[in-house]
Amino acid sequence: VKMSMFVFLCLLLPCAWCCLVEPGTKSYDLGKDALLSMSQAEDAQLSPEELLFLSVPSNDSARASLKHITSKPHVAGTSGDREMAEYVQRRFKEAGIEDAVIDPQRVLLAYPVDRSLELVDVAGKVVWKAPLAEDILKNDPTSDTWWRNHTFNGYSPSGHAVAPVVYANFGLPEDFAALEAAGVSVKGAIALMRYGKNFRGLKAKNAEEAGAVAALIYSDPEQDGFKQGSVYPHGPWRPPSSVQRGSIQFISTCAGDPARAYAPHGQTVEQVCGHTQEELIPNIPVVPLSYGDAVPILEALEGKEAPQSFRGGLNLTYRMGPSKRFHAALHVHNHFERGPVWNVIAKIPGSLPEEHDHPVILGNHRDAWVYGAADPNSGTAQMLEVARGFSALLKTGWRPVRSIILCSWSGEEYGLLGSTAWAEVHGDSDTGSLGSTGFLSKALAYINVDTGATGSHFEASGTPSLGKVLAGVLGQVKQPFTQDPISKAWEGKLHVLGSGSDYTSFIDHLGIPSLDFYFAPKAAYGVYHSVYDSFEWMDTEGDPGFQHHVAMAQVWGLVAMRLAGTTSKDDMPLPFNVTMQAEAIGGYISEVQKSMNESTQSRLDLGELSSAHKAFSTSAIRAMQELADLSAEIPSPSRTARIIACNDRLAALEKQFLTTEGLPGRKWFRHVLQAPGLYTGYAPQTLPGIQEAIGAGNWTLAQSQIRVAALRVRAASAFLDGISQPEELVVV
């Protein structure tokens, strides 16, 4: 199919209405006009096979799957987790995907045994004891479970502390700096922080580095409680006793098992991550709290009234502390053990020979902190609908050109354990270096859905070169209730991938183009990581009618089909658009320039990186023209050979942005264009080696990172042109 000239020009030419990167943002803006063109282009229209696939996902089927999966707790490594792995494997096989296996990975896990929190007076008398339990709700039949009385943070060490409490807002570095400036010492205190702004593990890390002896992390209603609306069961938001569990691993330093108990290729965690286990998890006890339990502690604080930025939504005066008349007494007993988590891996073989097969991987994690109706099992139910759609196609004799692999991960909640283990085993070389011969070295794309449906607002993050195929799909799938194409309501912003879900290993460590998408409310959904993330919540508040489950399954499967190709069109170029990647890189460089003041500008020279970007942009335009010419050319053996060669280059392009040494201080993260922010954990940082060196005022390191990024961008340019690379540009 010939690419329309309007779409081609829209994606190539710099203009006021084309695909622009908004300065200062961490997203790639396709532009509404370009989005409309791509979503309505000739090559975006539905084939008979795609129409059949779209007809299969069912709200009743998705609802039944979710009801079964959420019928019992399935925390990673428990019997419930194993049972649900077997259920997913059975469903894959029932869909006709016979090559579906359970893949156990041995990892470090932690479970709660006992914990308590009290306020004591100067004489040691207990004046208040925290319930540390989530209420049983008569409207929610699964809320009465052992886990409601065992709220905990994964990987918190056991410990005991009696100390004054200091309120450290979100636990950001600047929050601790504000406390210091106000004369409030954290050293020897228990730090009370609220959820939001950064990953909870980094809150614990920052508190520990500030000298805290323990940490408490609570959910303030300003973020996801009554300040957002009616609380569950009368609405979707967090009720007073609801607790956000979660891992406190230092995920932005190194993802995956902090012990590397599975010893990938015989390597230790220090060899893989550049850090020991003790450097990847906190050394102080940490407990999560509901806002109901946080109120008495906040009311016990004395000292200065907190600044406006520290104030949440509770009806009290927020103070920095410390608490002088009362101390908090915290006791934590958690059990650490090494044991299996169970991935489920199912493969639909492609028609290409192995040397030219570029697998398309779909992933969702299955383990939950309790029931996980939204996070992650809305995505699990959607994956099972995708499998049902593929089943209908397989019965007609359909076969993808490139293999499709469906992955149901476990251990994600603890720190992306299952997916990272699988990626390292099948993607890294036996030395952990680049240049692996494992089958993931040829993977085309990874498409992730985690919390697939909690609202009606479509959001997407991903590699910019995948923006075209996503836009085309969104033009064909209907938005629930309105029945307009999703592309009409979507803002067209493809956010940069950070971390916090299973795409992390694939994009940041292996350089595999990735997408992650979901339907969500405008704010964080209100029962995240609590006992109330239940089937009842989803059925009444999250996605009544399960229409967004259906739409997400349709988007997910259709993107996979278009990337994998079909044997009826087995000689077509990949639906990548590398000019989008070039434009995005230009935006990242602009962000660096905007972050530099006059003093910084005199210290750093971005010329080498800007020159490399210009070369890559030129190569990208040539590549897109080559794709357009090949698409329009009459079929012939010569054309087929050139398409295979072109596709092989496109499939491996993202890996050219990896560096063997990794980012400074965190060698596991190897992508020079993006990574989770070192001090945010979830949120992304673009050109992270450069930006973080500038933030630290290390100009020598910043200049060396400019050179590293320039070398990788220039290497990608040469690779895209099919030119043999100079030795200094080769990834080894």
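**Cysteines and salt bridges in the predicted model**

Asp43 is partly exposed, with a relative accessible area of 32%. I begin with this residue, and I note that the model before us is a predicted one. The side chain of Asp43 forms a salt bridge with that of Lys468, at 3.0 Å from N to O. The partners lie 425 residues apart: Asp43 sits in the loop between α2 and α3, and Lys468 belongs to helix α14. Lys468, at 10% relative accessibility, is buried.

How many salt bridges does the whole structure hold? The search finds 24. Among them is the pair Arg649 and Glu626, also at 3.0 Å. Because Arg649 lies in helix α22 and Glu626 in helix α21, this pair ties together parts that are 23 residues apart in sequence. Arg649 is buried at 17%, while Glu626 is partly exposed at 28%. Another is formed by Glu302 and Arg325, whose closest N and O atoms are 3.8 Å apart. Both of these residues are in the loop between α10 and β11, and Glu302 is partly exposed at 22%.

I turn now to the cysteines. The model contains 1 disulfide, which joins Cys254 to Cys273 with an S to S distance of 2.1 Å. Cys254 is in the loop between β9 and α9, and Cys273 is in helix α9, 19 residues apart. The torsion about the S-S bond is about -50 degrees, so the disulfide is left-handed. Cys254 is buried at 0%, and Cys273 is buried at 1%.

Cys407, by contrast, is in no disulfide; its nearest cysteine sulfur, that of Cys254, is 20 Å away. Cys407 is buried at 0% relative accessibility, and Cys646 is buried at 3%.

How values were computed
Residues are numbered from 1 along each chain as its sequence is written. This is a predicted model: local features need pLDDT of at least 70, side-chain atom pairs count only at pLDDT 80 or more; totals for chains, interfaces and linings use all residues. Side-chain values use heavy atoms; hydrogens and water are left out. A disulfide is a pair of cysteine sulfur atoms within 2.5 Å. Helices (H or I, at least four residues) and strands (E, at least two) are DSSP runs, numbered from the N terminus. Buried means under 20% relative accessible area, exposed over 50%, partly exposed in between (1.4 Å probe, protein chains only). A salt bridge is a side-chain nitrogen of Lys or Arg within 4 Å of a carboxyl oxygen of Asp or Glu.
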